[in-house]
Amino acid sequence: MANWIIAGLGNPGSQYENTRHNVGFWWLDQLAHDNGLSFKTDSRFHGQLAQLTTTQHKIWLIKPLTFMNRSGSAVAALANFYKIPAENIVVVHDELDLPAGAARLKKAGGHGGHNGLRDIILHCGSKDFLRCRLGIDHPGNSKQVADYVLSKPSVDDRQAIMTAIDNSIRVLPDLLDGNLNKAMNWLHSQ
């Protein structure tokens, strides 16, 4: 049985709950709902955890409660405790460079200016984790990014993001079974 971590990135607190920056939390909430799971706060891992077990995988779901820019301490604490290599970590995060409603998978790579990814790379000492990038669109001006990611999407954008979340959850079995190309081909065609 392979051990995995899926980390959904976001910020704790009700004031951030419905913001674009929290789409990683939305993704995990949807996966948990689909599987009848609930999250419990675990201070050892600086986050809220749930566990999804399939016939082939034990998957730790974590929503770091360290705020976006310090997500790495939560992910690394969980990975180190369960001895889960970076290759078996999936990070779900918001992506400014994709339109709202797009979802893309990526294996390894840099942080692309995303502070949550930057901190995970720093704490885990590796860039080799998988990413599920959920498009939130770009405000058009780099000076507006901070306010934009911390604001609520329009009703249409929220619906498009939720469709992308459903589509990316649909390819999770292929992703975990090592069929990354199959998962990418289907998801990227949506």
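**Figure 1. Helix α1 and its buried residues.** V23, G24, F25, W26, W27, L28, Q30, L31 and A32 of α1 are buried, where buried means under 20% relative accessible area, exposed over 50% and partly exposed in between (1.4 Å probe, protein chains only). The model is predicted, so local features need pLDDT of at least 70 and side-chain atom pairs count only at pLDDT 80 or more, while totals for chains, interfaces and linings use all residues. Residues are numbered from 1 along each chain as its sequence is written, and side-chain values use heavy atoms, with hydrogens and water left out. Helices (H or I, at least four residues) and strands (E, at least two) are DSSP runs, numbered from the N terminus. Because nine of the 12 residues of α1 are buried, this helix is largely enclosed by the rest of the structure. The end C-alpha atoms of α1 are 16 Å apart, which agrees with the 16 Å that its 12 residues should span at 1.5 Å a residue; the expected span is 1.5 Å times one less than the number of residues. Just after α1, G36 takes a positive phi of about 65 degrees.

**Figure 2. Helix α5 and the elements that cover it.** Residues 155-170 make up α5, a helix of 16 residues. From its first C-alpha to its last, α5 reaches 23 Å, close to the 22 Å expected at 1.5 Å a residue. Its buried residues are I161, M162, A164, I165, N167, S168 and I169. Among the elements that cover the buried residues of α5 are α1 (23-34), β6 (103-107), β7 (130-135), α6 (172-176) and α7 (180-188), contact being heavy atoms within 4.5 Å.

Figure 3. Six of the six residues of β7 are buried. On one side of β7 these are L130, C132 and L134, and on the other R131, R133 and G135, so that both faces are covered. Strand β5 (residues 89-95) runs parallel to β7 and is joined to it by six bridges; two strands pair if DSSP finds at least two bridges between them. In this pairing, H93 stands opposite R133 in β7. β6 pairs with β7 in the antiparallel sense over five bridges. R104 has R133 in β7 as its bridge partner.

Figure 4. Strand β4 (residues 57-64) is mostly covered, with seven of its eight residues buried. Strand β1 (residues 2-8) and β4 run parallel and are joined by six bridges, with A2 opposite H57 in β4. β3 and β4 pair in the antiparallel sense over seven bridges, and T53 has K58 in β4 as its bridge partner. The two strands β3 and β4 form a hairpin with three residues between them.

**Figure 5. The largest pocket.** About 440 Å³ of space lies in the largest pocket. Of the 23 residues that line this pocket, L96, G112, G113, H114 and N115 are the closest to its centre. β5, α3 (115-124), β7 and α4 (145-149) each give two or more residues to the lining. The lining divides into seven nonpolar, 10 polar and six charged residues. Ala, Val, Leu, Ile, Met, Phe, Trp, Tyr, Cys and Pro count as nonpolar, Asp, Glu, Lys and Arg as charged, and the others, Gly among them, as polar. A pocket is an open set of points on a 1 Å grid over the protein atoms alone, where a 1.4 Å probe fits, with protein on both sides within 12 Å along at least five of seven lines; lining residues have an atom within 4 Å of a point. Grid points are joined across faces, edges and corners, and a volume is the space filled by probe spheres set on the points.

**Figure 6. The second largest pocket.** The second largest pocket holds about 260 Å³ of space. It is lined by 16 residues, of which E17, N22, F25, D29 and K63 lie nearest its centre. α1 and α5 each supply at least two residues of this lining, and α1 gives the most, with four residues. Five nonpolar, seven polar and four charged residues make up the lining.

Figure 7. H46 is found in the loop between β2 (40-42) and β3 (47-53). Although H46 is not a glycine, its phi is positive, about 55 degrees. This residue is partly exposed, with a relative accessible area of 36%. A108 lies in the loop between β6 and α3 and has a positive phi of about 60 degrees although it is not a glycine. A108 is buried, with a relative accessible area of 16%.
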